[in-house]
Amino acid sequence: MLSLIIFLPLAAAAVVLGLPRSGEAAARWLWVIVTAVDLALTVVVWARYDTPRPNGLAFEERARWIPGVNSSYHLGVDGLSLPLVVMTAVIFLACALYALGSRDRPRPQAALFLFLQTVSLGLFVAADLILFFVFFDLSIVAMYFVIAGWGHGDAGRSALKFFLYTFLGSLALLVGFIGLYIAATPHTFDMVEIAATTPLAGSTLAGGLVLAAILLGLAIKTPTVPFHTWLPPAHTDAPAIGSAVLAGVLLKMGTYGLVRIAMPMLPAAWRAWAWVIIVVGIVSVLYGALVALAQNNFKRMVAYTSVNHMGYVVLAAGAAGLVSASTADARAVAVTGAVTQMVSHGLITGALFLLAGVFYDRTASYDIDDYGGLAAPAPKLAALFAVGAFASLGLPAFSGFIAEFQVFAGSIAAAPATAVALPGILITAALFLRALQKIFTGETRGQSPGFTDLHPSETISAGILLVLSVVIGVFPRPLLDLIEPAAHALIGLVGR
């Protein structure tokens with residue numbers, strides 16, 4: 001089942017590329033159909049999911065691949081990965097629906113995004129470090145072509161900066177993976193086996209160096225301060241659906257690597273570095289929010305909020321390393337909040353970037369000062385923007401509240417000093433309310449007169465993501481029931 005979910009989009013990409021040039025409409029609709037089928041398959045996996053044994057995976061698939069280095073084609077899911085698999089399928093479906101209105105080379109665009117969907121899903125179900133690395137690297141290549149091929153502004157320069165910066169991170173990640181392989185007895189790249197044996201637990205120096213390499217690679221991908229500088233230009237110049245996937249899916253590859261690789265495989269080093277990771281998370285939360293508040297470019301503003309929101313995940317993951325018998329439950333709450341935050345941020349920020357694309361499609365401008373009173377000519381856009389803004393600032397009844405509440409409840413219980421990150425929520429509220437007020441309220445001015453409201457494909461694509469955020473905010477139990485057992489198992493691994 002997992003292999004089908006991964007490679008169905010890739011097979012569809014080959015079919016799309018084989019269509020004649022006159023088959024552009026067929027390419028767009030095939031893209032929608034395949035992403036919808038893939039989403040349905042992930043829902044089936046969720047419905048059939050049964051919590052595996054501690055530290056185990058469900059729906060495992062394994063085949064010989066590179067036997068010389070004991071690397072196999074090993075797939076599986078648990079409560080940490082399955083929510084991200086379903087979220088990824090939802091975001092790619094939303095992007096396919098949004099692109100129904102596009103006329104810019106739809107065949108290669110559909111094929112490229114279907115390929116990107118394959119590598120994204122593959123990473124979240126990979127249970128072998130080499131397999132994880134292959135999907136990690138291919139996602140960088142695919143996103144480079146998305147930005148360079150369909151971006152605007154200085155897209156070529158932004159795409160190159162994105163590629164070189166994140167590829168450097170992937171090389172650091174590979175060095176860390178090789179370090180784990182060398183330390184493992186017998187040598188293996190299997191993630192489950194390495195997590196079970198923790199080969200570097202007895203070596204403080206070697207474990208710290210391997211963790212440093214892995215953290216560098218994941219921090220660039222996340223991104224955290226100070227490794228975030230590639231993100232704003234990449235988002236600003238990427239097409240709307242490219243930004244939605246970059247923020248909604250690709251950034252989660254970094255934070256997912258923390259909970260899937262760094263924490264369970266290097267528990268001793270993670271505990272030793274916990275406060276450093278917490279400080280990085282706090283700085284990212286506050287810095288991302290403050291710099292976003294200073295932006296006058298709407299898309300750059302949303303890009304910096306990603307630094308802020310990913311900082312919450314890093315903060316919670318760091319707090320999980322402050323091992324104490326009295327805080328085990330609190331640290332599990334923090335991990336649950338971190339995974340919930342990954343899902344929440346993907347849905348909300350993906351929707352906001354799709355809405356940002358509407359501004360550029362209509363007027364070729366993201367400048368907040370170019371608009372005013374836009375609620376009059378574009379009430380549907382105003383309504384969805386308001387929902388996305390309130391969801392992003394963590395208002396109750398949205399997924400962001402569920403995630404951030406758990407992050408801070410667990411983190412503050414484990415380390416009261418983490419409360420210094422709380423002003424990040426207030427700053428986020430200020431920046432979104434400022435944008436909402438300047439763009440949509442008051443007299444119609446600037447480029448607002450004659451602005452066309454949302455088309456059906458734009459409404460449906462962003463609406464799907466925001467509706468799911470509301471569903472999680474009001475009925476979080478199904479998602480939390482999936483994550484919590486895996487979070488408790490992870491806390492057990494970190495505490496060894």
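Helices (H or I, at least four residues) and strands (E, at least two) are DSSP runs, numbered from the N terminus. The model is predicted, with local features needing pLDDT of at least 70 and side-chain atom pairs counting only at pLDDT 80 or more, while totals for chains, interfaces and linings use all residues. Residues are numbered from 1 along each chain as its sequence is written, and side-chain values use heavy atoms, leaving out hydrogens and water.

**View 1. Leu258 in helix H10.** Leu258 counts as buried at 5% relative accessibility (buried means under 20% relative accessible area, exposed over 50%, partly exposed in between, with a 1.4 Å probe and protein chains only). Leaving aside neighbours within four places in sequence, Leu258 is in contact (heavy atoms within 4.5 Å) with Leu215, Leu218, Met263, Pro264, Trp270, Val314 and Ala317.

**View 2. The crossing of helices H10 and H13.** The axes of H10 (residues 240–265) and H13 (residues 298–319) come within 11 Å and cross at roughly 15°, where axes are lines fitted to C-alpha atoms, for helices over the stretch in contact, and angles run from 0 to 180 degrees between N-to-C directions. H10 is therefore roughly parallel to H13 (angles under 35 degrees count as roughly parallel, over 145 as roughly antiparallel, 65 to 115 as roughly perpendicular and the rest as oblique). Residues making the contact include Leu251, Thr255 and Leu258 of H10 and Met310, Val313 and Val314 of H13.

**View 3. Gln117 in helix H4 (residues 106–125).** Gln117 is buried, its relative accessible area being 0%. Apart from neighbours within four places in sequence, Gln117 is in contact with Pro9, Thr35, Asp38, Ala89 and Phe92.

Note on methods:
A crossing is left-handed if the near helix is turned anticlockwise from the far one by less than a right angle, and right-handed if clockwise.
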